[in-house]
Amino acid sequence: MNTEMHADKTVTGRTNDSGGRRRSLWKSPAIFTVLVMQIPLLGSHFVDGWNWSSGDFVLVGTLLFGIGLTYELVTRNRDAIAYRAAVGIAIAAAFLLAWVNVVQMADVTHAAVMYFAVPIVGGIGAAVARLQPKGMARALFATALAQALVLAVGLIILNTRNPQVSSWTPPALRGFGLNAFFLMLFVGSALLFRKAGRGESVAGAL
């Protein structure tokens with residue numbers, strides 16, 4: 001009897017492929033994109049200097065939808081809150097890091113291109129881990145280490161090119177704080193993945 005009930009639940013659960021109750025992959029990303037895009041839309045109307053073109057809206061909207069869809073694809077078979085939160089933090093941190101450094105490359109320094117190695121490390125780690133929580137924890141720790149190494153290399157380059165200028169100028173301090181912020185996001189994601197992996201181990205033991 002219990003076996004039949006379990007089978008019925010599986011057939012009608014959210015991951016059912018044959019017409020049962022199932023969460024849509026595109027619906028949540030679409031809603032997320034529409035809600036977030038209200039910010040630049042309002043900014044373009046009410047904030048001086050915020051003049052986005054239609055191409056900017058299309059580009060950012062596409063990126064946001066892609067992020068939401070990626071999150072849904074990665075977490076569609078995972079119900080653990082820790083795992084879902086870890087994925088959300090990791091994807092958001094990678095997107096924000098890339099966005100910030102695109103701006104840095106355009107307006108400040110081309111050396112910011114080094115930071116694109118950080119999400120690449122995370123992506124390779126995730127592929128090797130096959131999205132399993134314990135492997136993902138190691139991948140995100142490696143991503144945090146890559147973030148720290150890029151900062152260290154950047155400071156070395158700065159001191160080499162301008163030895164008479166201290167690295168701890170206000171702009172450098174702001175950059176250090178921003179790097180620390182991203183590093184903490186990646187470490188936090190790794191810890192959540194580790195927690196999810198421990199939860200799976202306990203559930204398997206039972």
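Start at tryptophan 99: at 37% relative accessibility it counts as partly exposed (buried is under 20% relative accessible area, exposed over 50%, partly exposed in between, with a 1.4 Å probe and protein chains only). This is a predicted model, where local features need pLDDT of at least 70, side-chain atom pairs count only at pLDDT 80 or more, and totals for chains, interfaces and linings use all residues. Residues are numbered from 1 along each chain as its sequence is written, and side-chain values use heavy atoms, without hydrogens or water.

Phenylalanine 95 is partly exposed, at 22%.

Next, select serine 189 in helix α7. Serine 189 is buried, with 0% relative accessibility. Its side chain has a polar atom 2.8 Å from the backbone oxygen of alanine 86. Beyond four places in sequence, serine 189 contacts Ala86, Ile89, Ala90 and Leu140 (contact: heavy atoms within 4.5 Å).

Move to phenylalanine 193. Its contacts beyond four places in sequence include Tyr83, Ala86, Pro133 and Leu140.

Then show the largest nonpolar core, which has 27 residues (a set of buried Ala, Val, Leu, Ile, Met, Phe, Trp, Tyr and Cys residues joined through side-chain atoms within 4.5 Å). Leu140, Phe186 and Phe193 have the most contacts inside it.

Finish at arginine 78. Its charged end sits over the ring of tyrosine 83, 4.8 Å from the centre (CZ of Arg or NZ of Lys within 6 Å of the ring centre and within 35 degrees of the ring normal).

Note on methods:
Helix = DSSP H or I, 4+ residues; strand = E, 2+ residues; numbered from the N terminus. Polar contact = N/O pair within 3.5 Å; in protein donor to acceptor, adjacent residues only side chain to side chain.
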